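Please find below a note on the structure shown here.

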Amino acid sequence: MSPWRALGNRLRALLQKARLDADMDEEMRTHIEMRAQRNLDAGMDPEEARYAARRQFGPIESIQDACRGERGVGWIEDFLHDVRHGARRLGKDRGFTAVSVLTLALGIGAVVAIFAAADDLLFRPLPYRAPDRLFRLWERDPTRPETARSEVSADDFMAWKAGGSSFEGMAAYYEGRAVLHDGERADELHVQGVTPGFFPMLGIGAFHGRTFAPDDGPAPGTSAPVIISFRLWRSWFGGDPDAVGRAVRLDSATATIIGVTPPGFRFGDRDVDLWLPLHLRPSKSRDLNAVGRLKRGVGRAEAEAQLSLMVQPWMATVEPLRDSFTRSVKGSLLVLLGAVGLLLGAACANAASLLLARNRARRSEMAMRLALGASRGRLVRQLLTESLLLAMCAGALGVALGRYALYALVALAPRALTRSADVAIDGRVVLFAVAVSAATALLFGAVPAAVSARADVAPELARNSRGGGPRAGSLRAWLIAGEVAVSLILLTGGSLLFRSLVKLQEVDSGLMPRHLLAFHFRVPSPDKVNLFDLSRERIAVLPGVRAASATSFLPFDGPPAAARVEIEGRPAPAPGEEPVAAVRTVMPRYFGTIGIPIRQGRDFTAADNGADAPMRFVVNEAFVRKYLPGQEPLGRRIRTSMARTNPLGEIIGVVGDVKEGSMRQEPVPTVYYVYAHMSYGQMTLVVRTEGDPMAILALVRRVVHDLDPGLPVADARAMDAILGETYARERFSALLMAGFSILSLLVAAVGVYGVLACSVQERTREIGVRVAVGADGRRIVELVLGDTLRLVLPGLLAGLGGALSLSRLLSSLLFKTGAWDPASFAIAAGTLLVVALVAAASPAGRAARLDPTAALRLE
Amino acid sequence: MAKDDLLPGTLDMLILKVLDRGAMHGFGIAERIRERSENVLSVGEGSLYPALYRLERQRWITAEWGQSENNRRARYYALTRAGRKQLAVETDGWERMSLAIRQVMRST
């Protein structure tokens, strides 16, 4: 038979199924009646004749199954039948269905949300041509581990590009900000300056216009070509194709838009909206990002060795591009993925245990069907179809829950995650959810189905559905132990992360973040630096403002500049051992405004902030501790290597330390310049307010706008939020882990309750006897609680082992909290025990209130 | 099915053979086969039906509702042309095989 005709037959059979089934039924009934008539004619009595006819015909159910198989609908028809049958059963058993679907949906929803967050970063191929051959290139000084991933100097990059025969292409880039001005509107944008090979190397062409050509350059007097993002093209230029070719201003220079990147294009930072051509000039300062495409068949180690030879005594590091994007969040995401996996596992164990209990109540149905000739495989398939139905309902609900969870997750997520990843539920994630649901169905459905289909025919039919089934019973106990173990692991993880987060939040940052607004703006040209002074003065007198000042590098918002320091009267140190300090430029009253205490001496005043005022410095306590221990710092003269000429200047003040970078890091020696002596085109203004700092923002914008409409206020944030961002990763992990552990606790509680309620019901008779022979309520409660402990303790022990290994995995996320933190373990185990006992309370109470006469009359 | 007692395909051949004499319903086919061989359907008359459905799917027989001898509605099976050809092929094969078996049995 041709496959098409076979398919046609199958389809017809499927469509006409009802009629065909009725025909088959009638035909066989007729046969049996004819046989019965024949038997009757042979002298049997009517009852016997009918019975014999049935026996002679054989097991009708399996014959009908076989006929359906021969008719050619087979599994499809069975499956549809099972789906209808299963849906009806689940609809009847609402409590069971609701609890299973809900617990599974929680698990699936959590998995879907975390997967959606992690997918883009960890699993999806990077959206460039042959992304597995793209690598980030770094330099490192093998004698100084802290330089492990230093940026690359222009000199070294050019040497690599010229001599790095392992590479097909190489590009350098830097990231920064620039103000785009089209005559009406001005905005500060994130920009990447890239060498001309950048786009071709990634395999990215322009959506409109073109990408950079090798000779696109900022030739004096010509306008620089720039490429804008698809997003900016739509939002700023309304998607106008004529935007390509338009002249704009970028900071103080003229520029021409030459192209638009394809939608969604990004390289690392998602906020970048503009690309400039980067033309390298010889330089030894390591301030460039480098990326290269390896030639086919060349290994990473080989390339690393080759590049290392060219930068001796430094060495090269060749890092897969994806790793360079995900480094900071990969650990947390993997831990969270593991955690949701465990949570889903617990939900599966729970559903399996509920199914076991439910199938026990159906043992006589199963036995009946086996007796009627249904094959065990057929029964298993039917039970699995029910599981599949449950899982798919749970999956649908899970995706819906996951969507909401994802909103919360994105709101909580550290910028390092949202900046580089596109977090959304798309077709791929839904497909994943369907796959997870199907796998879930197998996971929680297989064992109960197998156990039920093994039911023995005769004993099951002989007695009715009551009585103990030790096999399934102990299996359920195992499942509950598993749930408890998972719950303990997650709880321990959650409490470890939370305790660590609390410790992190207790750390004194060194400044006073409350009621402090920070924002920055850039001035278009060096002759306009007085705009900072003017705006600071005008903002300081706004209503609701206590003080205003500015700094070149706001603490906790990126790295400051750093330079070598020379202390007057000290012999020149050996090369490589020169004192080094972070260098910040501040405006007068900075310390008072931001809340850094002055320990000795004084703050900068307006008198210090003049080009012809003598050079003066303020240093922090860490500087004094490290470079002037036990000495009087005030009046000492120092200089830094920041500028071309660096006159010696007197230390006029010592201020308190501020953590550098994040709460986890220790303060570093810091030297403060006053603005007039070390000016920048971009400053961050800090405004101390009386109330909510964001409330003052509109006024501040107006002040800046009135000074110059081409000065966009950018990145206005409350200092609280900036500090919060430094432990966003920890907060993210801790909150999610806590959420998952609460869910797992819920699941475990449902599981414990289910098993105990079931066992109390099954032991009604036994408990009745105990009460009848004189056991009082307390004794019965003890009995049930004893059962609870027997159920929970093995799980607790197993979970403890799991929790210990998890906490080692977590140690990189922990702050001043040991992986073996006994308090966290105690909290977790204690919580779990309490929840288990609460779950046991109602079954125990029911057992204690049992009326012995009623109990004994049962059966 | 009675495959333990029969060579594979024998039941199909017997059905075709029975139907070669004219259309018949399932009960009738079962009776005919029973008359000739005691054990073929010993497992149960019902095992006839999967074979009937299989033959029908292969278009060797057709089925139609009709009136039985004592005025019952019954499904009558009849041989198609392809079925008649198949019967010839199977009979031929069967005869050659039984001949071969007979010769082997005689020679020992």
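Predicted model: local features only at pLDDT ≥ 70, side-chain atom pairs only at ≥ 80, totals over all residues.

1. Residues are numbered from 1 along each chain as its sequence is written, and chains are lettered from A and ligands numbered from 1 in the order in which they are written.

2. In chain A, the axes of helix H11 (residues 321–361) and helix H23 (residues 728–762) come within 10 Å and cross at roughly 10°. Axes are lines fitted to C-alpha atoms, for helices over the stretch in contact, and angles run from 0 to 180 degrees between N-to-C directions. Helices (H or I, at least four residues) and strands (E, at least two) are DSSP runs, numbered from the N terminus. H11(A) and H23(A) are therefore roughly parallel to each other (angles under 35 degrees). By class, their contact has 21 nonpolar, 8 polar and 1 charged residues. Ala, Val, Leu, Ile, Met, Phe, Trp, Tyr, Cys and Pro count as nonpolar, Asp, Glu, Lys and Arg as charged, and the others, Gly among them, as polar.

3. Chain A places 17 residues in contact with 16 residues of chain B (C-beta atoms, placed from the backbone, within 7 Å). On the chain A side, helices H2 (17–41), H3 (46–57) and H4 (60–71) each supply at least two residues. That side divides into 7 nonpolar, 6 polar and 4 charged residues.

4. Chain B holds an open sheet of 3 strands in the order E1-E3-E2, with antiparallel pairing (at least two DSSP bridges between two strands). Strands E1 (24–25) and E2 (61–67) of chain B stand at the edges, each with a single partner strand, so one side of each is left without a neighbour in the sheet. E2(B) is joined to strand E3 (residues 73–79) of chain B by 7 bridges, and B:Gln67 stands opposite B:Arg73 in E3(B).

Note on methods. Parallel < 35°, antiparallel > 145°, perpendicular 65-115°, else oblique. Contact = placed C-beta atoms within 7 Å.
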